[in-house]
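Please examine the sequence and the structure below before reading on.

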Amino acid sequence: LAPEEIPLSVLYEDDDLLVIDKQAGLVVHPGAGVRHGTLAAALLHRDPKLARVGGEGRAGLVHRLDKGTTGVMVIARHDAAHRVLQAQFVARGVNKLYDALVWGRPRQPSGTIDLPVGRDPKNRVKMSTRSMQARAAESRYLVAQELPGFAWVQVQILTGRTHQVRVHLTALGHPLIGDETYGGARAAGVMDPVRRRAILAFQRPALHARRLELDHPTSGQRVVFEALWPDDLKQLWCALGGIPR
């Protein structure tokens, strides 16, 4: 893993933690077909001492967000902090809140989605609630704002499965706007030209990791980090007729 100079938006920093607001389009770790331009490489450029924190190539990363997802991520700056943070994630001691812009309006203003998530047996790049090797996954949602044909939904995930928010909201019947993988590319059916143009221009799942709450690995104090919506998400919601908060 080689360092790369990639701009990062830092929300908070001390001797133990680095908290960033991840931009859209940034892959967290190198993987299949992606060797360069990752968050891990950007972190190494910013702080070379992260090279072996959490293990070779991890660069202090404790969790991940999808390439198209924006928002709060926490990075450990030394191994002791990494162990404490990782244990919190495993024990479900970290509160994670997401903002999602979805198609349609859920029938219930709030609820719990308790459906296992695993690799889709027919498409290996997708996750599914119908997988034979699914793992338990639970999400709680609250409709924050409704528009004709759309909704802004806040989702708290109690587990951390791959694509959990995207899969669970799709299972509810309300995929994310812009999410081609899970059926969220539907602009052709939108008659209003302003809305249709805004949806076509939005080239990622409309998902933002808004807030992360955890115990500081050294002080033990409960801390909360929050990232405002990026401009593209605000512009999309305004074009649909909503009011970002």
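## Strand β2 and its partners

Strands β2 and β3, the latter spanning residues 70–76, are antiparallel and are joined by 6 bridges. Within this pairing, Ile20 is placed opposite Met73 of β3. The model discussed here is a predicted one. Strand β2 also pairs with β1 (residues 10–13), again in the antiparallel sense, through 3 bridges. Here Ile20 of β2 has Val10 opposite to it. The two strands β1 and β2 make a hairpin, with 3 residues between them.

How many residues of strand β2 are buried? In β2 (residues 17–22), 6 of the 6 residues are buried, so the strand is largely enclosed by the rest of the structure. In a regular strand, side chains alternate between the two faces of the sheet. Both faces of β2 are covered: one side carries Leu17, Val19 and Asp21, the other carries Leu18, Ile20 and Lys22, and all of these are buried.

## Helix α1

Helix α1 covers residues 39–46 and is mostly covered, with 6 of its 8 residues buried. The buried residues of α1 are Leu39, Ala40, Ala41, Ala42, Leu43 and Leu44. Among the elements that cover them are β2 and β3.

## The nonpolar cores

The largest nonpolar core contains 47 residues, of which Leu39, Leu43, Leu61, Val74, Leu169 and Leu214 touch the most other members. Apart from this core lies another, of 18 residues, which include Trp103, Ile177, Val190 and Leu233.

Which residues does Val74 touch? Leaving aside residues up to four places away in sequence, Val74 touches Leu17, Leu18, Val19, Val62, His63, Leu85, Phe89, Leu212 and Leu214. Three of the residues in this list, Leu17, Leu18 and Val19, are buried residues of β2.

## The sheet around β8

Strand β8 (residues 138–147) is joined to strand β5 (residues 110–114) by 5 bridges, and the two run antiparallel. Val143 has Val153 of β9 as its bridge partner. Between β8 and β9, which form a hairpin, there are 2 residues, and Gly149 in the turn has a positive phi of about 90°.

## Two buried helix residues

His168 belongs to helix α3, which comprises residues 164–171. Is His168 buried or exposed? Its relative accessible area is 1%, and because buried means under 20%, His168 is buried. Not counting residues up to four places away in sequence, His168 touches Ile113, Leu115, Val117, Thr129, Ala137, Glu138 and Ser139.

Leu236 is found in helix α5 (residues 231–240). With a relative accessibility of 2%, Leu236 also counts as buried. The residues that Leu236 touches, not counting those up to four places away in sequence, are Leu101, Ile177, Ala198, Ile199, Phe202 and Ala206. One of them, Ile177, is a member of the core of 18 residues. Ser219 is 17 residues from Leu236 along the chain, and the C-alpha atoms of the two are separated by 40 Å.

## Empty space in the model

Rolling a probe the size of a water molecule over the atoms shows where empty space is left. A search of the whole structure finds 1 cavity of 30 Å³ or more. The largest cavity holds about 40 Å³ of space. Its lining consists of His63, Leu65, Val72, Lys96, Leu97, Tyr98, Ala209, Arg211 and Leu212. Strands β4 (95–103) and β10 (207–215) each supply at least two residues of this lining. By type, the lining of the largest cavity divides into 6 nonpolar, 1 polar and 2 charged residues.

The second largest pocket has a volume of about 180 Å³. It is lined by 15 residues, and those closest to its centre are Gly178, Glu180, Ala185, Phe202 and Gln203. Phe202 is also one of the residues that Leu236 touches. The lining of the second largest pocket is made up of 6 nonpolar, 4 polar and 5 charged residues.

Methods. Residues numbered from 1 in each chain as written. Predicted model: local features only at pLDDT ≥ 70, side-chain atom pairs only at ≥ 80, totals over all residues. Heavy atoms only, no water. 1 Å grid on protein atoms, 1.4 Å probe; cavity = no way out; pocket = protein on both sides within 12 Å on 5 of 7 lines; lining within 4 Å. Points joined across faces, edges and corners; volume = space filled by probe spheres on them. Nonpolar A, V, L, I, M, F, W, Y, C, P; charged D, E, K, R; others polar. Core = buried A, V, L, I, M, F, W, Y, C linked by side-chain atoms within 4.5 Å. Buried < 20%, exposed > 50% of the residue type's maximum accessible area, 1.4 Å probe, protein only. Contact = heavy atoms within 4.5 Å. Helix = DSSP H or I, 4+ residues; strand = E, 2+ residues; numbered from the N terminus. Pairing = 2+ DSSP bridges.
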